[in-house]
Amino acid sequence: MDLHLKIWRQKDHQSEGKLVNYDLTALNPHMSFLEMLDTLNEKLIVKGDEPVEFDHDCREGICGQCGMMINGLAHGPLKNTTTCQLHLRSFKDGETVLIEPFRAEAFPVKKDLKVDRSAFDRIISSGGFVSINTGQAPDATAIPITHQIAEEAFDSAACIGCGACVATCKNASAALFTSAKITHMVLLPQGKEERSNRVLNMVKQMDAEHFGHCSNTEACEVECPQGISVLNIARMNYEYNRALFLRKK
Amino acid sequence: MILDSKIPEGPLEQKWDNYKKKAKLVNPANRKKLDVIVVGTGLAGSSIAASLGEMGYNVKSFCFQDSPRRAHSVAAQGGVNAAKNYKNDGDSVYRMFVDTLKGGDFRAREANVYRMAECSLNLIDQAVAQGVPFGREYGGYLNNRSFGGVQVSRTFYARGQTGQQLLLGSYQALMRQVGKGSVQLFSRHEMLDLVIIEGKARGIIVRNLDTGEIESHAAHAVVLATGGYGKIYYLSTLAMGCNGSAIWRAHKKGALMASPSWIQVHPTSLPQSGDYQSKLTLMSESLRNDGRIWVPLKENETRKANDIPENERDYYLERRYPAFGNLAPRDISSRAAKERIDAGFGIGPLKNAVYLDFSKAINEQGKEKIQEKYGNLFDMYLKITGYDAYQEPMMISPSAHFSMGGLWVDYELMTTIPGLFALGEANFADHGANRLGANSLLQASVDGYFIAPYTIANYLSNEIHTGKISTGDPAFKKAENEVKNQINGFIKINGTKTVDHFHKTLGKLLYDYCGLARNKEGLEFAIEEIRKLKQEFYNDVKVSGQGDTMNTELEKAGRVADYFEIGELMCYDALTRNESCGAHFREEYQTADGEALRNDSEFQFISTWAWKGENNEPELIKEPLIFEEIQPTVRSYK
Ligand SMILES: Cc1cc2nc3c(=O)[nH]c(=O)nc-3n(C[C@H](O)[C@H](O)[C@H](O)COP(=O)(O)OP(=O)(O)OC[C@H]3O[C@@H](n4cnc5c(N)ncnc54)[C@H](O)[C@@H]3O)c2cc1C
Ligand code: SF4
Ligand code: FES
């Protein structure tokens with residue numbers, strides 16, 4: 001199959017970027033989207049041009065490193081799918097495909113399709129953990145956690161930190177990402193003790209990183225490759241208010 | 001050179017306690033005077049960095065991804081082993097030790113294997129305390145299941161994303177220390193050389209992958225937790241960035257490599273579909289619990305799977321290994337698949353796969369039940385291949401997966417360079433010639449959480465009076481210059497072929513001659529070919545862009561340059577082991593019915609290798625394996 005690509009090329013954060021056209025022919029529809037970009041890059045390199053820089057690593061939908069806007073959608077047209085798990089069979093022969101980086105003030109573009117998502121790491125280091133030292137933990141089964149709760153915690157813990165929720169949000173809010181971690185932790189007995197400090201610190205950090213506010217458009221849930229629910233955001237808001245309330249008392 | 005494995009005194013069960021009792025400590029006030037570099041943020045790297053940070057050392061943590069949370073440990077699906085005996089099915093540390101040693105075809109050190117089993121008890125506790133949501137029974141207690149090659153339930157899991165959840169636990173522990181300032185984080189930094197001063201590891205040279213800057217970092221000890229090098233085969237289950245460069249550069253500075261040719265090939269990955277393909281996705285091994293593996297009886301079969309009647313199918317695993325059938329261990333299942341594919345019975349567009357068929361299970365248990373058990377895997381299969389495995393059998397094929405080899409380490413996880421430690425998949429320890437499923441997450445984690453915190457402290461206790469190590473030392477300048485020269489060299493070549501072209505060609509060579517099966521002629525041929533390919537690479541590779549900016553092609557070039565040398569060493573290693581054991585199947589050494597023939601009287605040792613300079617043959621140094629507790633027996637799964 002053939003594709004016409006319009007790809008965002010930007011030398012570095014300071015430079016201005018622009019869309020550049022590339023045509024690819026005789027592509028195998030079983031190819032993944034990233035393999036299609038590999039194919040393009042092979043061609044560019046042989047010609048002596050610089051290849052398109054994009055982020056990726058595991059190529060199996062679990063590391064969260066890949067991610068770009070494809071025809072205006074984070075990770076492309078398929079639901080609950082990362083860019084690396086998207087295949088050309090999801091496109092039409094001869095289609096024009098627009099490829100851009102994830103955009104948000106908190107995710108500065110580094111080059112071409114690569115953006116800096118280290119703000120997420122800083123949100124985690126502000127409180128997204130249980131303060132347990134390594135080495136001497138109590139017996140794991142001594143604190144029972146019902147199957148139901150463990151599974152619910154898992155649903156939130158499954159976030160891969162890809163940033164699609166931010167990129168797709170018109171306010172560039174990191175609420176889905178942050179709330180997923182807060183929910184994961186607060187559901188489990190291990191994480192309950194620190195719940196107030198955690199939510200206050202993480203929300204503060206989220207703001208400091210210049211993520212926007214959540215205005216409940218729910219676009220994030222639609223684009224999230226892991227199907228993280230917006231109910232997490234409701235839980236975060238509850239936890240936040242609870243923490244403020246308890247602190248005043 | 002005589003290798004000292006430093007195995008402590010006493011009976012097996014007391015060795016680790018004896019070690020800990022005698023290990024030297026560093027006074028808390030002195031810890032902040034000591035710097036440690038940790039390269040890698042997988043389970044091994046993030047757990048040791050977090051542990052050392054917590055203890056009060058100054059830690060610098062490096063990884064090449066944009067965030068430590070993306071280290072390849074994140075991809076592990078199946079589970080992690082621990083001899084907790086929660087199921088009361090007779091599991092114990094001793095039983096786990098025996099299973100692991102036997103699974104590794106008696107090519108691992110008893111003391112290390114025992115310690116891993118022993119520490120497994122604490123790992124689950126540690127992870128749960130961090131908030132890892134392991135699978136639970138309805139009553140609230142931890143659940144577990146059994147995994148290939150053993151008869152007890154000792155595998156703990158978090159759905160099909162155990163590696164992800166364990167890694168998030170250790171990543172969060174790491175980020176907590178980063179927040180406190182006890183660990184400094186350098187993501188998007190790649191280690192390109194090791195710096196040695198007066199015989200000790202004293203620092204590293206890294207490239208900032210965002211800016212292209214070359215930096216020096218000094219420390220009192222260096223820990224490499226850089227994962228496996230199975231990506232040398234190009235097509236593998238590993239992430240694109242996985243590489244062997246950090247350990248290889250350390251090897252060239254004097255650290256010995258052990259068992260480089262032992263690379264596990266996983267039987268249930270998705271087959272290659274074209275030459276554009278960049279990786280092979282692993283399908284969980286758990287599928288083999290209900291899926292039956294077969295190929296057509298007729299060569300070059302053209303009918304669709306569902307049109308081939310039952311009596312024209314060859315369920316070759318059930319035929320050859322009636323006792324274990326479709327659950328035969330990885331090496332055996334992979335080899336049996338290759339045997340059928342090579343004999344002309346492979347299926348799929350490229351005739352490179354075998355069927356994994358659920359029709360019987362669906363008939364007997366109903367589609368719902370199968371959906372409940374494996375639904376996510378069937379969805380993944382559909383997403384990647386476009387085929388519905390409820391309607392027709394899956395296509396699977398063997399793929400390179402895990403490197404049992406790596407830097408040689410002693411019982412303290414220290415390499416032959418004082419002050420240089422290797423943890424997790426980067427070292428050779430514990431798995432012998434074949435790794436049992438779910439033991440690798442375990443090994444990486446216990447190395448970092450429970451073992452290295454003691455052994456590194458023991459080493460550092462002698463470093464208190466050393467004072468700050470300065471990057472002003474000429475050794476740093478020299479190494480920096482070497483790294484810069486190499487980088488400029490790649491760019492100057494300006495040839496006609498891409499880095500990936502060379503990587504793919506090398507990978508194919510290794511699959512064919514140093515993969516699932518090896519023989520003398522093939523290995524000798526491969527060594528010649530690899531040398532030629534390497535020559536061609538240095539004459540004709542094309543790396544576009546510049547050295548002093550972000551440049552992914554350049555990153556790849558450095559890794560592939562090292563792969564040539566690692567590949568050559570793999571072939572040497574395979575060539576000198578005139579026996580078949582675990583992942584190493586030498587065609588000359590097999591029984592009449594095609595099973596591996598181990599040779600304990602001559603090869604009961606670990607092959608370690610010393611670098612002797614470019615174009616010189618490496619030197620083989622043997623570490624004899626002494627079995628005090630159990631006597632090697634023949635592995636049989638018939
Ligand atoms: C698809 C898949 C499924 C698996 N499933 C299981 C399973 O179910 N159970 C099990 O026990 N095991 C499993 N394994 C194996 C297991 O995941 C790995 O062996 C283990 O996670 C390795 O951990 P590690 O910490 O040693 O290395 P990794 O997690 O690979 O981490 C390596 C780190 O080193 C860094 N690094 C590497 N080179 C450099 C450099 N030069 N400079 C800077 N940083 C560098 C990387 O950035 C990364 O942070 C699986 C593996 C794969 C590929
Ligand atoms: S919540 Fe979903 S979209 Fe957002 S970072 Fe996590 S996985 Fe990605
Ligand atoms: S490359 Fe890892 S999720 Fe896509």
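Analyst: **The shell around ligand 1**

In this predicted model, the shell around ligand 1 comprises 16 nonpolar residues, 18 polar ones and three charged ones. It counts 37 residues, and those that come nearest to the ligand are B:Gln65, B:Ser73, B:Glu425, B:Ser440 and B:Leu441.

A polar backbone atom of B:Thr41 lies 2.8 Å from an oxygen atom of ligand 1. For B:Ala44, the distance between a polar backbone atom and an oxygen atom of the ligand is 3.0 Å. A polar backbone atom of B:Ala225 is placed 3.4 Å from an oxygen atom of ligand 1. As for burial, ligand 1 taken alone exposes 1,000 Å², of which the protein buries 97%.

The site of ligand 1 is the largest cavity. Four elements of chain B give two or more residues each to the shell: helix H3 (43–55), strand E6 (189–197), strand E15 (394–403) and helix H12 (440–460).

Ligand 2 may be described in the same terms. It has 14 residues around it, and the ones that come nearest are A:Cys159, A:Cys162, A:Gly163, A:Cys165 and A:Cys224. In chain A, helix H4 (164–168) and helix H5 (175–187) are the elements that give two or more residues to this shell. By residue class, the shell around ligand 2 holds 11 nonpolar residues, three polar ones and no charged ones.

Both chains also contain open sheets. Strands of a sheet pair through backbone hydrogen bonds, in either a parallel or an antiparallel sense.

In chain B, four strands make up an open sheet in the order E16-E10-E18-E19, and their pairing is antiparallel. Strand E16 (406–407) and strand E19 (619–624) of chain B are its edge strands, each pairing on one side only. Strand E18 (residues 605–610) of chain B runs antiparallel to E19(B), and six bridges join the two. Within this pair, B:Thr608 stands opposite B:Ile621 of E19(B).

In chain A, an open sheet consists of five strands in the order E2-E1-E5-E3-E4, with mixed pairing. Its edges are strand E2 (18–24) and strand E4 (73–74) of chain A, each of which pairs on one side only. Strand E1 (residues 3–9) of chain A pairs with E2(A) over seven bridges in the antiparallel sense. Here A:Arg9 stands opposite A:Lys18, a residue of E2(A).

Conventions:
Residues are numbered from 1 along each chain as its sequence is written. Chains are lettered from A and ligands numbered from 1 in the order in which they are written. This is a predicted model: local features need pLDDT of at least 70, side-chain atom pairs count only at pLDDT 80 or more; totals for chains, interfaces and linings use all residues. Side-chain values use heavy atoms; hydrogens and water are left out. A residue is near a molecule or strand if one of its heavy atoms lies within 4 Å of it. A polar contact is a pair of N or O atoms within 3.5 Å; within protein, one must be able to donate a hydrogen and the other to accept it, and residues adjacent in sequence count only if both atoms are side-chain atoms. Accessible areas come from the Shrake-Rupley method with a 1.4 Å probe; for residues, only the protein chains shown count as cover. On a 1 Å grid over the protein atoms alone, a cavity is a set of points where a 1.4 Å probe fits but cannot get out, and a pocket is an open set with protein on both sides within 12 Å along at least five of seven lines; lining residues have an atom within 4 Å of a point. A molecule sits in a cavity or pocket if more than half of its atoms lie within 2 Å of its grid points. Ala, Val, Leu, Ile, Met, Phe, Trp, Tyr, Cys and Pro count as nonpolar, Asp, Glu, Lys and Arg as charged, and the others, Gly among them, as polar. Two strands pair if DSSP finds at least two bridges between them.
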